[in-house]
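Here are some friendly notes to read with the structure open beside you. Take the points one at a time and find each residue as you go.

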Amino acid sequence: MHWFGLAFLAALTLTTLARLWLSRRHVRHIAANRGSVPAEFSGRISLAAHQKAAEYTIAKERLGTIETLVAAALPLAFTLGGGLQLLSETWERVFDPGGFAHGIALIVSVVVVSGIVDLPFSVYRTFVIEARFGFNRMTLRLFVLDMIKAAAIGALLGIPFVLAVLWLMAKMGDWWWAAVWLVWVTFSLFVAMIVPTFIAPLFNKFSPLADESLRSRIEALLAKCGFRARGLFVMDGSKRTSHGNAYFTGFGAAKRIVLFDTLVSRLAAPEVEAVLAHELGHFSRHHVWKRMGVVSAASLALLWILGWLIGQEWFYAALGVRSQSTAMALILFFMIAPAFTFPLQPFASLYSRLHEYEADEYAARHADPRDLVHALVKLYEDNAATLTPDPLHSAFYDSHPPAVLRIARLQTQRA
């Protein structure tokens, strides 16, 4: 076997073992601490709620263990198992080998197969785990409709984008990777702009916030922070889940504030204001743009590497493929990349947690930090978020700080 094939096998094996080990640590740590509520939350969260969160997290982790194994088996089946070569040869009977139609058919086939493999996990997560713990409100009909809509939107936007990428790879010479990167950045911004007004309403109903008292508080907060938004909306998230959330979406003058109806019904007005102050902190500190900058830089680096690999015959042969094409190179590269980039995961998580702390500090200056603490405690309880994650697992994966550390830090701050 070629050295690169061995390197891929080694990276995939080590990544899979690390994921399984971290998951096992997480489950054991949560189980060991399920018998008592952490002292910092004593009197705020009941033992029953704490144990529900533990059981909910453990159930998700156990499903995640199976997903991890399947996630390792799938790229193996596609590459060294001959799956990609089989798909390529099948489409060669219909389209010219290496042509744009053949490339699109190959990429769509991989996406469809991957989606089919993932579907049972999505069904089990929604209709078994989420239902068992009282969170799911999704009907089977709505689930199927969502899936059809997502597939249609993915095809409508994704196929033209893939065609543009394949065309650039074929026509732009050695610097195709730079051209593709520019198109990808532009496409990403375009999608981010159309999601609030065109895509999101296909899945949910967005109604103007009717509570005048709450609207006045939020508008006063926006004025104090110098933030202009196009609208303040309540989303009917409760038709799918009882989990609550709030977020900002869009860019420039098209920015929107969206509150889940479950959040509005559960939190008091000052608590909603504090949650939004936290979200405003992300905008004030330009976290969205900073993250996009990091992702864009990483994407440019990855495309540059692919620009070199695409001309190496051993790249294909080492991964069990004989049919060389631009589409095949794209699929192979982005299929194996996660095995090699997994060690970067804790750095991405740390970067995100630092942003969360900065947003909390901003919220503490523009709202009462005690209200944010009260809101977070309610959200931890309502969403069954574990209060006792394994520290190493949390450092590796969590985009938000652990509850104990986050609350403790907020309690030292003053409005």
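1. Let's start with Glu-361, which is partly exposed, with a relative accessible area of 27%. The word has set limits: buried means under 20% relative accessible area, exposed means over 50%, and partly exposed is in between, using a 1.4 Å probe and protein chains only. The side chain of Glu-361 meets that of Arg-409 in a salt bridge, at 3.0 Å from N to O. Because Glu-361 lies in helix α13 (residues 345–366) and Arg-409 in helix α16 (residues 403–410), the pair ties together parts that are 48 residues apart in sequence. Arg-409 is partly exposed too, at 36%.

2. Before going on, a word about what you are looking at. This is a predicted model, in which local features need pLDDT of at least 70 and side-chain atom pairs count only at pLDDT 80 or more, while totals for chains, interfaces and linings use all residues. Residues are numbered from 1 along each chain as its sequence is written, and side-chain values use heavy atoms, with hydrogens and water left out. Helices (H or I, at least four residues) and strands (E, at least two) are DSSP runs, numbered from the N terminus.

3. How many salt bridges does a search of the whole structure find? There are 14, where a salt bridge is a side-chain nitrogen of Lys or Arg within 4 Å of a carboxyl oxygen of Asp or Glu. One of them joins Arg-266 and Asp-382, at 2.7 Å from N to O. Arg-266 belongs to helix α8 (residues 261–266) and Asp-382 to helix α14, so this pair ties together parts that are 116 residues apart in sequence. Arg-266 is partly exposed at 36% relative accessibility, and Asp-382 is partly exposed at 24%.

4. The closest N and O atoms of Lys-378 and Glu-271 are 2.9 Å apart. Are the two partners buried or exposed? Lys-378 counts as partly exposed at 22%, whereas Glu-271 counts as buried at 7%.

5. Now find the sheet. Its 4 strands form an open sheet in the order β1-β2-β4-β3, with mixed pairing; two strands pair if DSSP finds at least two bridges between them. β1 (206–208) and β3 (246–249) stand at the edges with a single partner strand each, so one side of each has no neighbour in the sheet. From one strand to the next, the twist averages 35°. β1 pairs with β2 (residues 231–235) in the antiparallel sense over 3 bridges, and the bridge partner of Phe-206 in β2 is Met-235.

6. Which helix packs on this sheet? Helix α9 (residues 269–284) does, touching β3 and β4 (256–260), and its direction makes about 35° with that of β3. Contact here means heavy atoms within 4.5 Å. For the angles, axes are lines fitted to C-alpha atoms, for helices over the stretch in contact, and angles run from 0 to 180 degrees between N-to-C directions.

7. Two loop residues deserve a look at their backbone. Most residues other than glycine have a negative phi. His-286, in the loop between α9 and α10 (287–309), has a positive phi near 60° and is partly exposed at 46%. Ala-384 also has a positive phi, of about 55°; it sits in the loop between α14 (369–382) and α15 (391–397) and is buried at 4%.

8. Next, visit helix α2 (residues 47–78), where you will find Thr-68. Thr-68 is buried, with a relative accessible area of 17%. Apart from neighbours within four places in sequence, Thr-68 is in contact with Thr-16, Arg-19 and Leu-20.

9. Gly-99 counts as partly exposed at 25%. The C-alpha atoms of Gly-99 and Ala-170 are separated by 9.7 Å, though the two residues are 71 residues apart along the chain.
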